[in-house]
Amino acid sequence: MFDVMVILPLAATGAGAILIMLVAAFETFRREGISILGMGLFAFAFFIQLTVDNSGDIYPFAEVFNGMLVANTFTKVAGLIILACGFFSALAAQTYFTQNKGFVLEFYCMLLFAAFGMLLLTMVAELITLFIALEIMSLAVYTLVGYDRHSVVRAEAVLKYLMLGAFAGAFYVMGAVLVYAGTGSTSFAAIGAVVADSGYLSNPALVGGSFLILFAFLFKAAAFPFHAWVIDVYDGAPLPVTAFMATAVKTSIFAVLANFLLINPEVHQGWVTFLFYLSILTMFAGNLIAIGQQNLKRMLAASGIVHTGYLLIALVALGSERFSGGAILFYLAAYGVATLGLFVALSYLSGQDERRVSFDDFRGLAKVRPYSAACIAIFLLSMAGIPPTAGFMGKFYIIAGAFQAGHAVLAVLGIVSSILSLWYYLRLIIVMYFREPEQRFEVAELTLAPLGTIVLAVCVFAISFYPVVL
Amino acid sequence: MIDTYLFFGLALLSVLGALGLILFRHPMNGAMSFVVTLISLAGLYALLSAKLIFAIQLIVYAGAIMSLILFIIMFLNIQEEDLPVDTARWFYLAGGIVLLAPVAGLLLKIVESLPGEAEPLTEAGFGGVKQVGLVLFQQWLLPFEIVSILLLVALVGAVVLAGKRG
């Protein structure tokens with residue numbers, strides 16, 4: 001396998017972003033053209049990534065890059081999920097901006113730049129490169145959240161995200177410095193070697209450093225003590241951006257978190273207890289917040305916290321026998337498909353200026369638009385974990401993994417939390433099916449989103465038949 | 001011996017500057033106090049024989065970036081009456097100190113655990129332009145290259161955030 005093939009999806013995303021940036025300067029290209037171009041670039045990168053054979057650990061351009069990038073099946077699948085999320089977010093944006101103001105041509109450029117940072121993030125094996133990749137992703141997402149200055153909600157969202165994100169970045173850098181002080185290197189391989197040599201807990205700088213690095217990741221993944229920003233930021237961002245943040249950002253952060261914890265089994269072992277309590281608190285805090293929400297976007301943001309909790313369970317069980325990163329990626333794919341499906345459906349159902357966003361606004365949707373309502377019901381059932389959807393299989397793998405790793409308490413609490421989450425998922429289904437319609441749910445123009453919704457609904461079932469391959 | 005005194009002097013100055021940054025009410029005073037921090041940090045880099053970083057710290061941070069910040073503050077023309085009245089300021093400050101004290105304790109413990117008073121780590125020519133360049137373009141090529149993407153994202157992002165809307 002040629003090295004250039006391994007980084008080709010990365011290069012294609014980066015080059016695509018620059019291409020859109022240049023093309024946006026010409027008068028001839030308007031919103032429609034740029035939308036199709038953006039989606040096409042995501043699809044192109046997706047298919048390259050699909051054809052790359054990354055079995056084993058490949059260090060692309062090991063001499064030139066000094067082994068700072070590593071590609072394997074785990075990074076390949078994570079990249080595929082990210083690019084698919086990018087594609088469907090672009091599709092949602094295409095529809096969303098036919099009914100909403102505030103489009104800039106650079107929107108797709110920032111989307112692709114963010115995807116570039118994420119792809120890089122899944123592959124990095126070095127702390128400084130990791131920081132730069134993290135910042136590329138974050139800066140692009142900050143811009144996407146808040147570029148519409150006329151809206152106060154957006155401005156509030158971007159301010160909160162930017163300030164807290166800067167803190168998380170500072171924590172990360174401080175942590176990386178301490179890890180370097182403790183081990184004398186920033187490369188994952190060298191840190192792993194030092195840990196194997198002299199132990200993990202006997203090295204205070206390394207422990208403190210990785211603690212601060214975990215802080216930063218948990219913030220970005222919206223885990224328990226750092227989850228407060230999520231609701232306002234997801235609510236304030238435009239719908240397609242919320243979809244992108246909820247799925248792609250989470251995928252890349254969990255990919256890099258798993259890579260970091262797997263530097264050495266001892267590092268992972270050192271954090272198991274911490275992650276154990278954190279996953280429980282994250283699940284139940286998320287559920288409590290979600291139950292109280294009236295707004296769909298806020299409910300989805302809160303349910304995103306709950307799903308972070310499940311993924312943390314997977315991290316606790318990570319690396320134990322017969323359980324690897326595969327379950328994490330499977331869950332991310334299942335969660336991503338359902339979340340994106342909901343957001344793509346909302347992108348054409350929410351109407352002008354996002355006016356239909358609360359539970360009550362969707363009263364009787366099933367009578368007016370039965371297919372859309374059926375798709376939304378499928379997505380909600382998948383998120384709640386009802387068989388035979390992908391969400392059920394994802395939860396099944398994670399809970400089975402927790403049992404195998406000897407964390408029966410965690411598995412049981414995961415099931416309890418899953419039952420609790422039915423409350424807010426079924427609520428929307430009840431509202432859609434058992435209330436009389438008051439609105440006509442008119443859709444402005446012929447757009448791609450209804451088609452995308454159906455494709456994603458099929459994916460919900462298709463993914464559940466895939467076994468965990470890693 | 002003299003380098004130890006220098007270190008403590010510069011470290012004290014940089015911490016005082018940082019304290020001034022958060023304690024002064026007027027942004028202009030805060031910015032001037034931040035200059036003290038940046039310059040004393042440059043001094044600390046010089047103590048570590050990082051010549052190039054010392055120069056860059058003075059030229060780029062204490063020079064270019066600080067003048068930009070000062071320019072923006074002057075541009076906004078902030079008067080005394082524009083400043084918000086924050087009555088609970090000392091309260092928040094005390095709360096912050098209480099919250100951060102355990103973290104500071106942890107950091108102190110970590111720093112104590114590091115091997116101190118090691119033999120000089122630097123060889124001849126360490127920290128010069130040539131040496132930094134060699135390390136940067138041989139070992140750290142990938143981060144160096146992707147920083148350009150980061151800067152591009154920041155640039156496009158700034159234009160998008162501040163640009164004119166139709």
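Guide: Helices here are DSSP runs of H or I at least four residues in length, and they are numbered from the N terminus. The model is predicted.

Start at Asn66(A). The loop that holds Asn66(A) runs between H4 and helix H5 (73-99) of chain A. The phi of Asn66(A) is positive, at about 60°, yet Asn66(A) is not a glycine. Most residues other than glycine have a negative phi. How open is the site of Asn66(A): buried, exposed or partly exposed? Asn66(A) has 19 C-beta neighbours inside 10 Å, so it counts as partly exposed. The cut-off for buried is 20 or more.

Ala222(A) has a positive phi too, at about 65°, and is not a glycine. Find Ala222(A) in the loop between H10 and helix H11 (228-236) of chain A. Ala222(A) counts as buried because 28 C-beta neighbours lie inside 10 Å.

H4 (62-65) and H10 (204-221) of chain A each give two or more residues to the side of chain A that touches chain B. In that interface, 31 residues of chain A are in contact with 19 residues of chain B. Helix H2 (8-23), helix H6 (106-123), helix H7 (127-146) and helix H8 (152-183) of chain A also give two or more residues each. H7(A) gives the most, with eleven residues.

Ser151(A) counts as partly exposed, because it has 16 C-beta neighbours inside 10 Å. In sequence, Ser151(A) is 49 residues from Gly102(A). In space, their C-alpha atoms are 9.4 Å apart.

Now go to Ala255(A), in helix H12 (residues 239-261) of chain A. Ala255(A) is buried, because 27 other C-beta atoms lie within 10 Å. Leaving out residues up to four places away in sequence, it touches Thr75(A), Ala78(A), Leu121(A) and Thr122(A). From Ala255(A) to Ile378(A) is 123 residues along the chain, and 27 Å between C-alpha atoms.

Ile378(A) is one of the buried residues of H17(A). H17(A) has 15 residues, and eleven of them are buried, so the helix is largely enclosed by the rest of the structure. Among the buried residues are Ser372(A), Cys375(A), Phe379(A), Leu381(A) and Met383(A). They pack against helix H14 (296-316), helix H15 (325-349), helix H16 (365-368), H18, helix H19 (408-434) and helix H20 (449-464) of chain A. The length of H17(A) agrees with expectation: at 1.5 Å a residue it should span 21 Å, and its end C-alpha atoms are 21 Å apart.

Look past the end of H17(A). Gly385(A) follows, and its phi is positive, near 90°. Then comes a cis peptide bond, joining Pro387(A) and Pro388(A), with omega about 5°. Most peptide bonds are trans. Pro388(A) sits in the loop between helix H17 (370-384) and helix H18 (390-404) of chain A.

Cross to chain B. Its domain assignment gives domain 1 (1-83) and domain 2 (128-166). The centres of these two domains, over C-alpha atoms, are 24 Å apart. Helix H4 (residues 89-113) of chain B has 25 residues. From first C-alpha to last it reaches 35 Å, close to the 36 Å expected. A kink of about 40° lies at Leu100(B), shortly before the proline Pro102(B). Is H4(B) enclosed or in the open? One of its 25 residues is buried, so H4(B) lies largely in the open.

Phe91(B) lies in this helix. Phe91(B) is exposed, because 10 other C-beta atoms lie within 10 Å. From Phe91(B) to Phe54(B) is 37 residues in sequence, and 38 Å between C-alpha atoms.

The UniProt record, an unreviewed entry, places "transmembrane region" at residues 6-24, 31-48, 54-78, 90-111 and 140-162 of chain B. Residues 90-111 are 100% helix, with end C-alpha atoms 29 Å apart. Residues 31-48 are 94% helix and 0% strand, with end C-alpha atoms 26 Å apart.

Methods. Residues numbered from 1 in each chain as written. Chains lettered and ligands numbered in written order. Predicted model: local features only at pLDDT ≥ 70, side-chain atom pairs only at ≥ 80, totals over all residues. Contact = placed C-beta atoms within 7 Å. Domains from an automatic or database assignment. Buried ≥ 20, exposed ≤ 12 C-beta atoms within 10 Å, placed from the backbone. Expected span 1.5 Å × (residues − 1). Bend = angle between axes of the 7 residues up to and from the residue. UniProt positions renumbered as here; feature names shortened; annotations may be inferred.
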